[in-house]
Amino acid sequence: MATDTVTEVFEEHRSVLMGVAYRMLGRVADAEDVVQEAWLRWSGGDRSDVREPRAYLVRVTTRLALDRLRQARARNEAYVGPWLPEPYVTDFGDAVPDTAERAVLADSVSLAVLVVLESLSPLERAVFVLREAFGYPYAEIAVTLDRSEPAVRQLAGRARRHVEERRPRYEVDPVERRDLTERFLAAATEGDLEGLMSLLAPDVRLIGDSGGLAPAPVRVIESADKVGRFLGGVMRKGVSDATFRFLEVNGGPAFLVLSGDKPDSVFQLDIADGRIQCVYIIRNPQKLLSLAAD
């Protein structure tokens, strides 16, 4: 296979490989490292017996991600405060024209689902990602993970039950979600605490992730009163030289807060019944590096 063809084949599947690796790991930098390692193995290895490049590359990427996921477990156990995935800018564009398929992919990469996936075993997570997000047949997943098909079906069933029991039931209406996000930002920037409170569900939750590297709650805040008071304090303090930019992360609208030209935080909201059910705030500077150049 010519060098240019080797590169073209890999680039054709890069977005799928990145999608698998990110859903497995929840970190953009780690996913990029895994995809780069997959490229090195693809470009430098013996490809003479590779009949289906996509299947081969997904298999290599999944196994590399599994190895890295096992190593990351110890790191996450020592994490300071709540853990959230690194925000991942998503733009499926024309690559995913079908509305139903787009909704499945957006849901599978949402912050709420990725938080639940953290509680799965590495093998359960791999099976769930390959089956539920990408629709791979059980037989192909079995080959990828070097497990029997009955074992993979069992892992899939256990993972699916676990996720369904724990995933929040939020609406996925992009227009309403964008509207509420814009109203939330307007109220916050105008110091309109009453307007902000009117957007919150009574049992709203706020989850802040800083990894101990920036000011953020070290526990989940629950109830409209407590979340409102916390956000009121944030509004009063503000961010020096703040600007705001809307973007799509993890399949939904969000806004990036910049201090000067440096990313300070990402806010994303989950909604149901026209109210905000959960506020996610990501402030860990290490998780905002990928947004610096966007």
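The model is predicted, so local features need pLDDT of at least 70 and side-chain atom pairs count only at pLDDT 80 or more, while totals for chains, interfaces and linings use all residues. Residues are numbered from 1 along each chain as its sequence is written, and side-chain values use heavy atoms, with hydrogens and water left out.

The largest pocket has a volume of about 590 Å³. A pocket here is an open set of points on a 1 Å grid over the protein atoms alone, where a 1.4 Å probe fits, with protein on both sides within 12 Å along at least five of seven lines; lining residues have an atom within 4 Å of a point. The volume is the space filled by probe spheres set on the points, which are joined across faces, edges and corners. Of the 25 lining residues, Val-234, Met-235, Gly-238, Val-239 and Phe-267 are the closest to the pocket centre. Helix H11 (224–237) is among the elements that supply at least two lining residues, and H11 gives the most, with six. Helices (H or I, at least four residues) and strands (E, at least two) are DSSP runs, numbered from the N terminus.

Gln-268 sits in strand S5. With 2% relative accessibility, Gln-268 counts as buried, meaning under 20% relative accessible area with a 1.4 Å probe and protein chains only. A polar atom of the Gln-268 side chain lies 3.1 Å from the backbone oxygen of Gly-252. Arg-177 is 91 residues away from Gln-268 along the chain, yet their C-alpha atoms are separated by 9.5 Å.

Methods:
Buried means under 20% relative accessible area, exposed over 50%, partly exposed in between (1.4 Å probe, protein chains only). A polar contact is a pair of N or O atoms within 3.5 Å; within protein, one must be able to donate a hydrogen and the other to accept it, and residues adjacent in sequence count only if both atoms are side-chain atoms.
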